[in-house]
Amino acid sequence: MSRKTLLEARGVSKRFGGLTAVNTLDYTLMEGMIASIIGPNGAGKTTFFNVVTGYYTPTTGTVFFDGKPISGLKPHQLTRVGIGRTFQTIRLFNNLSALENVLVGMHHHLQSNWWNDILKPAKTRREELGAEYQARSLLEYVGLAGSEHEMAKSLPYGYQRRLEIARALATNPKLLLLDEPTAGMNPNETGEMTAFIKGLRDALGLTILLIEHDMQVVMTISDKVTVLDYGQKISEGLPYEIQNDDRVIEAYLGKRALEVLRKNDRK
Amino acid sequence: MTSQISSAKSLLASAGAGWNGFMTAVGDGWNKIPRWAQILLVIVVIVVVPPISTSLERATNFGLLGQLNRALIYVALALGLNIVVGFTGLLDLGYAAFFAIGAYAFGIMTWPTHGLMFSFFVAIWICALVAAFFGMLVGAPTLRLRGDYLAIVTLAFGEIIPTLVRNFKEITIQIGGWTLIKDFNLTNGPLGINPLGKPDFGMVEEVFSLPSGTLAPGVNPNFWYFMAVALVLLVLFVSKRLEFSRLGRAWRAIREDETAAGFMGINVVRVKLLSFAIGASFSGLAGAVFASNLGSITPDAFRFQVSIFLLIIVILSGAGSVWGVLIGGVFITIFDGVFLAQILPAIFPNSDVQNLRWVFFGVGLIVIMLLRPQGLFAPAQRTRQKPAVSAKG
Amino acid sequence: MSQELEILLSVVRTGLSYGTVLALIALGYTMVYGIVEMINFAHGDLFTFGFFISLMIWNVLSPPTPLPPEWVILILPIVLILTALLTGGLNVAIERVAYRPLRKSSKLAPLITAVGMSFALQSLFAYIWGGTTVNYPRFIPTTNLIAGLISETNLVKFTPRDILLLVVTIPLMIGLMYFVGRTRMGKAMRASAQDREAAGMVGINVNRIIAITFFIGGALAGVAGTIYGLYFGQGRFIMGFEFGLFAFTSAVLGGVGNIGGAVLGAYIIGMVQASSDFYVGGEWSRVIIFSLLILMLVFRPSGLLGSTQSVEKV
């Protein structure tokens with residue numbers, strides 16, 4: 001089955017003064033995949049996300065989305081092109097309701113201009129009604145039906161994570177970047193989230209790129225796992241391939257642990 | 001000592017809760033009245049004010065209608081500032097500059113010395129546009145700056161613009177050996193400009209065969225009251241329409257988290273500039289009405305104190321709350337104009353109580369920020385917002 | 001010496017004296033910003049406070065005018081120190097009451113409070129000491145010590161006031177640089193400026209450091225106010241507003257958080273102010289300097305010598 005390449009990074013580096021956060025990274029993501037990027041803290045994963053979503057311009061290299069180069073475009077332009085994301089620390093619009101958070105996600109494909117907003121002609125009213133309907137459906141989809149008018153900041157943590165995803169979905173993405181979606185969740189919630197993420201791909205046809213620390217999640221749903229350390233790719237492949245890769249174990253647990261592990265294996 | 005502090009704190013907390021309850025009750029009561037009754041009530045209130053204040057005037061001599069007119073102008077200005085500070089979260093410390101631009105644009109267009117003599121009804125819209133343009137001019141340098149630096153830049157503009165107005169008495173532009181403009185008096189400097197244009201109802205007079213000049217408003221406070229009410233209603237309408245619209249949501253998203261807003265597809269640059277522009281356009285209108293009402297303007301009406309006073313209205317009332325700013329604006333301006341400016345000096349005739357007015361407001365800002373940052377007149381933090389579509393579909 | 005040169009030197013002299021006063025104020029802005037990342041709007045008003053408080057202290061002491069040498073050597077330092085203590089103390093109190101409770105709140109809350117504080121202080125000064133220009137007694141004579149040495153005209157001056165300026169401020173600035181650069185406390189201050197949380201974690205009492213920073217900044221502003229009175233002879237309740245903004249511009253010019261930068265920026269702005277006052281006149285100094293501020297923030301927010309803080313939204 002031939003899938004097209006949705007996201008491609010060629011030789012992408014990001015330097016901040018003396019610090020190289022991402023070092024000549026090549027990365028490819030096919031449409032319809034669920035891929036994970038893992039690695040110790042500070043490995044450059046979120047920086048890579050920030051490059052892909054336009055927050056940083058790569059120091060070297062180019063990023064392609066759907067065949068077209070996107071490096072240098074601003075975040076809001078990339079959202080319009082079809083890249084959506086959530087954040088490592090939740091960045092909801094705290095004093096807006098859950099419904100409004102999702103509606104903001106729909107901003108760029110709503111058509112009304114500022115004078116339409118003031119005069120509210122029939123087409124704008126229709127558009128707003130339609131948008132609200134869509135937003136409610138999204139909230140229902142992530143399990144937040146009934147919380148539409150709660151202030152985002154007063155929602156419980158798990159709901160907030162879901163709301164962030166609903167908001168990202170509202171931007172109508174082709175590619176969804178999820179930054180540590182199960183952070184702070186108990187095993188139950190993590191299981192639900194994992195199934196949910198899989199559903200996003202299976203039911204909605206989204207391509208998903210995850211940053212995750214929870215290996216259970218990574219191994220369960222990833223079609224491909226990439227391991228970064230010090231900004232460089234040290235391993236890539238199917239989940240079980242990564243699990244047994246010496247370099248990965250060393251990066252996470254250290255040389256000593258690797259030695260002990262291998263010594264035990266040989267026994 | 002600590003026990004006294006904690007009992008003071010709990011007293012304040014219960015006072016705050018009580019006030020919240022009161023405001024919510026009023027809000028709920030208002031929402032329960034059917035639409036037609038609401039409109040009727042508003043019309044009645046608007047219409048009875050002039051006669052009531054005239055009779056109160058005989059008793060007190062405070063110039064109440066004039067005070068109310070002033071309050072309404074400030075409310076219109078505050079609602080404009082509310083868009084920038086309250087909706088979008090951008091601290092503008094030099095807002096009076098747009099007021100000045102609106103007023104002086106009107107002045108330049110209707111001052112006999114310049115001979116342009118625009119009609120009032122045409123000029124006010126041009127003033128709104130000019131102010132909007134300057135709003136974008138001031139906003140543009142601030143786009144990438146953090147909140148506090150943004151505030152300083154707006155403050156700097158807020159100082160530069162009135163200074164320019166005070167000094168554009170003899171503008172001479174020379175390039176090389178050519179003198180393009182010599183000694184052009186744009187704003188008449190510190191003396192200000194007068195007389196200024198008034199609304200001309202000549203056509204109406206003709207239609208009703210009235211002698212020319214019967215409908216000339218002059219400085220008639222009743223006329224200008226209704227004009228100010230019309231201004232506030234317009235500005236209120238635009239604010240409410242925008243608040244929950246696509247643009248309003250974008251503004252509020254930027255206020256909450258500008259970076260995240262960008263990631264959600266909002267073109268932050270464009271939306272911020274719109275915020276400055278639309279906010280300033282309110283001042284353009286208000287400035288024009290203000291100038292025409294007084295018939296004369298001087299640079300003194302637009303000093304830094306005015307910027308701070310407007311900020312105080314917005315913050316004290318509840319930044320972001322349109323109704324709050326409306327109620328708070330009227331209340332605070334009248335409190336200042338009647339109680340602080342007239343009653344207090346009467347009670348303490350010797351001291352320079354005028355300056356204490358500003359101390360009061362400065363301290364008020366601090367106290368509100370410390371104790372009740374959400375403001376006094378905003379409806380209690382709403383967890384339920386009126387949906388565009390009711391639950392019944 | 002040609003007349004143009006003499007005029008230039010005279011302007012330079014004014015510029016340097018402005019610059020010195022501005023430097024003392026700018027140091028306070030930049031040090032406070034470095035640590036708490038807020039613009040203390042009310043800082044300029046501490047300068048005004050120093051001016052008026054020193055005036056009141058002099059009134060209590062009833063010194064003869066001009067000051068006889070014993071007074072200059074004994075009493076003047078006491079007045080300076082007392083003013084510095086009072087102004088520094090006021091700044092610490094302001095921080096404790098109005099800013100510290102809001103440190104965790106939104107970015108705008110402390111700023112709004114600071115604006116309110118500045119406004120309240122200014123108006124308080126106007127209420128207590130009036131809205132018009134207040135004269136400072138001519139304690140230090142203005143005799144031109146180099147009269148006749150350079151030229152016949154009296155354009156280029158060097159007066160006892162200039163000596164006072166140098167004698168008071170140069171040791172102060174050197175002392176401050178030494179304090180911040182070489183002492184343990186200074187190191188704690190620099191650490192807190194770089195990373196407040198980390199500094200707390202290694203055992204630095206950050207609240208105390210912040211209080212000390214506010215104290216030093218306030219004290220410097222108080223000294224600046226006194227010096228200003230002694231040198232320029234008059235002041236108004238609103239002088240802090242304008243000088244404060246000019247000093248802030250200096251801090252931005254040099255690089256916010258950068259102590260050397262604040263001093264450099266101050267002298268540059270002082271020169272700009274003096275030149276513009278003389279060659280252009282009127283209110284144009286404000287327009288020029290404020291425009292400079294806007295241009296700096298738009299095109300080079302990190303300043304000339306580099307800032308320790310980010311001015312742009314990250």
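Trainee: Where is A:Lys120 found?
Mentor: A:Lys120 sits in the loop between helix H4 (114-119) and helix H5 (122-141) of chain A. Keep in mind that this is a predicted model.

Trainee: Why is A:Lys120 called partly exposed?
Mentor: Count the neighbours: A:Lys120 has 14 C-beta neighbours inside 10 Å. Buried needs 20 or more and exposed needs 12 or fewer, so with 14 A:Lys120 counts as partly exposed.

Trainee: What makes B:Met117 exposed?
Mentor: B:Met117 has 12 other C-beta atoms within 10 Å. The cut-off for exposed is 12 or fewer, so B:Met117 is exposed. B:Met117 also has a positive phi, about 45°, without being a glycine, and its place is the loop between helix H4 (96-110) and helix H5 (120-139) of chain B.

Trainee: Staying with chain B, how many helices and strands does it have?
Mentor: Chain B has 14 helices and two strands.

Trainee: Which residues touch the most other members of the largest nonpolar core?
Mentor: That core has 284 residues, and the ones touching the most other members are B:Ala76, B:Leu310, C:Leu22 and C:Ile25. Helix H3 (residues 64-87) of chain B gives the largest share of this core, 17 residues.

Trainee: What does C:Leu22 touch?
Mentor: Leaving out residues up to four places away in sequence, C:Leu22 touches C:Phe243, C:Phe246, C:Ala247, C:Ser250, C:Ala266, C:Ile269 and C:Gly270.

Trainee: Which chains share the most contacts?
Mentor: Chains B and C do, of the two pairs of chains in contact. There, 35 residues of chain B are in contact with 34 residues of chain C. On the side of chain B that touches chain C, the largest share, 13 residues, comes from H6(B). The residues on that side of chain B divide into 23 nonpolar, five polar and seven charged.

Trainee: How do you know that no contact joins chain A and chain C?
Mentor: Check the closest C-alpha atoms of chain A and chain C: they lie 10 Å apart, and no contact joins the two chains. The contact test itself uses C-beta atoms, with a cut-off of within 7 Å.

Trainee: One last pair: how do H10(C) and H11(C) cross?
Mentor: Their crossing is right-handed. The axes of helix H10 (residues 259-280) of chain C and helix H11 (residues 284-299) of chain C come within 9 Å and cross at roughly 145°. Among the residues that meet there are C:Ile269 and C:Val272 in H10(C), and C:Trp284 and C:Ile288 in H11(C). By class, this contact has six nonpolar, three polar and one charged residues.

Technical notes: Residues numbered from 1 in each chain as written. Chains lettered and ligands numbered in written order. Predicted model: local features only at pLDDT ≥ 70, side-chain atom pairs only at ≥ 80, totals over all residues. Helix = DSSP H or I, 4+ residues; strand = E, 2+ residues; numbered from the N terminus. Core = buried A, V, L, I, M, F, W, Y, C linked by C-beta atoms within 7 Å. Nonpolar A, V, L, I, M, F, W, Y, C, P; charged D, E, K, R; others polar. Axes fitted to C-alpha atoms, helices over the stretch in contact; angles between N-to-C directions. Left-handed = near helix turned anticlockwise from the far one by under 90°.
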